[in-house]
Amino acid sequence: MASELLSNVMSPEAEIRSASQRGPAPSSSNLARRLDTLENKTIYLIDNGFGGGSEFMLQLQKWFAKHMPSVTTIARRKTGHVFADDTTDLWDEIKAKGHAVVYGVAS
């Protein structure tokens, strides 16, 4: 499961989808620049509090530890409401200390 997710994340051809997205899909010019590599980078694994998200992120963290040990992963839970973008402290921390984010939900 995690390997499928990672292949989609790393594939430039991957289609971008968001269940909570409002309006038209973002163009590639609205997205963060794709990293050339994850080696020696810090990736935040963000659980928004929806059921099962924390378990998935912990599994993903274990996958990185086993398959890409040079990657530092930080598993965190988003503060604020589960369905609202009312978090600034975490986003500020990620901008200051992180290179990438995996933000997800589970059920």
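Tutor: With pairing: two strands count as paired if DSSP finds at least two bridges between them. The model here is predicted, and in it the bridge partner of D47 in β2 is R77.

Student: How many bridges join β1 to β2, and in which sense do the strands run?

Tutor: Strands of a sheet pair through backbone hydrogen bonds, either parallel or antiparallel. Here β1 and β2 run parallel and are joined by six bridges. The chain gets from β1 to β2 through α2, and this β-α-β crossover is right-handed. Another position to look at is I46, which stands opposite R76 in β2.

Student: Which elements does the chain contain, and how do they run from the N terminus on?

Tutor: The chain has three helices and three strands. From the N terminus on, the elements run α-β-α-β-α-β.

Student: In what order do the strands lie in the sheet?

Tutor: The order in a sheet has to be read from the pairing. The three strands form an open sheet in the order β2-β1-β3, with parallel pairing. β2 and β3 (100-104) have a single partner strand each, so they stand at the edges and one side of each lacks a neighbour in the sheet. Ignoring direction, neighbouring strands are turned by 20 degrees against each other on average.

Student: What joins β1 to β3?

Tutor: Strand β1, residues 42-47, pairs with β3 in the parallel sense over five bridges. In this pairing, Y44 stands opposite V101 in β3.

Student: Which strands does helix α2 touch, and what angle does its direction make with that of β1?

Tutor: For helices on a sheet, look at the contacts and then at the angle between directions. Helix α2 (residues 53-67) packs on the sheet and touches β1, β2 and β3; its direction makes about 160 degrees with that of β1. Helix α3 also packs on the sheet, touching β1, β2 and β3, and makes about 165 degrees with the direction of β1.

Student: Is β1 enclosed or open, and why?

Tutor: Burial is judged by relative accessible area, and buried means under 20%. Six of the six residues of β1 are buried, so the strand is largely enclosed by the rest of the structure. Both of its faces are covered: T42, Y44 and I46 are buried on one side, and I43, L45 and D47 on the other. For the chain as a whole, buried residues make up 24% of the 107 residues.

Student: Why does T42 count as buried?

Tutor: T42 is found in strand β1. Its relative accessible area is 14%, and the cut-off for buried is under 20%, so T42 qualifies. Leaving out residues up to four places away in sequence, T42 touches T72, I74, K97, G98, H99 and A100.

Student: K97 is among those contacts. Is K97 itself buried or exposed?

Tutor: K97 lies in helix α3, residues 89-97. Exposed means over 50%, and K97 counts as exposed because its relative accessibility is 55%. Apart from its neighbours within four places in sequence, K97 is in contact with T42 and Y44. The C-alpha atoms of K97 and I43 are separated by 9.2 Å, although these residues are 54 apart along the chain.

Student: What share of the contacts in the chain joins residues at least 24 apart?

Tutor: Among contacts between residues at least 6 apart in sequence, 72% join residues at least 24 apart.

Student: How many salt bridges does a search of the whole structure find?

Tutor: The search finds one salt bridge. E93 forms it with R76, and the closest N and O atoms are 2.7 Å apart. The pair links distant parts of the chain, with E93 in helix α3 and R76 in strand β2 (residues 72-77), 17 residues apart. E93 is partly exposed, at a relative accessible area of 23%, and R76 is partly exposed at 29%.

Student: What does the accessible surface of the chain come to?

Tutor: The accessible surface comes to about 7,500 Å², and 53% of it belongs to carbon and sulfur atoms.

Methods:
Residues are numbered from 1 along each chain as its sequence is written. This is a predicted model: local features need pLDDT of at least 70, side-chain atom pairs count only at pLDDT 80 or more; totals for chains, interfaces and linings use all residues. Side-chain values use heavy atoms; hydrogens and water are left out. Helices (H or I, at least four residues) and strands (E, at least two) are DSSP runs, numbered from the N terminus. Buried means under 20% relative accessible area, exposed over 50%, partly exposed in between (1.4 Å probe, protein chains only). Contact means heavy atoms within 4.5 Å. Accessible areas come from the Shrake-Rupley method with a 1.4 Å probe; for residues, only the protein chains shown count as cover. A salt bridge is a side-chain nitrogen of Lys or Arg within 4 Å of a carboxyl oxygen of Asp or Glu. Axes are lines fitted to C-alpha atoms, for helices over the stretch in contact, and angles run from 0 to 180 degrees between N-to-C directions. A crossover is right-handed if, with the strands pointing away from the viewer, the path from the first strand over the helix to the second runs clockwise.
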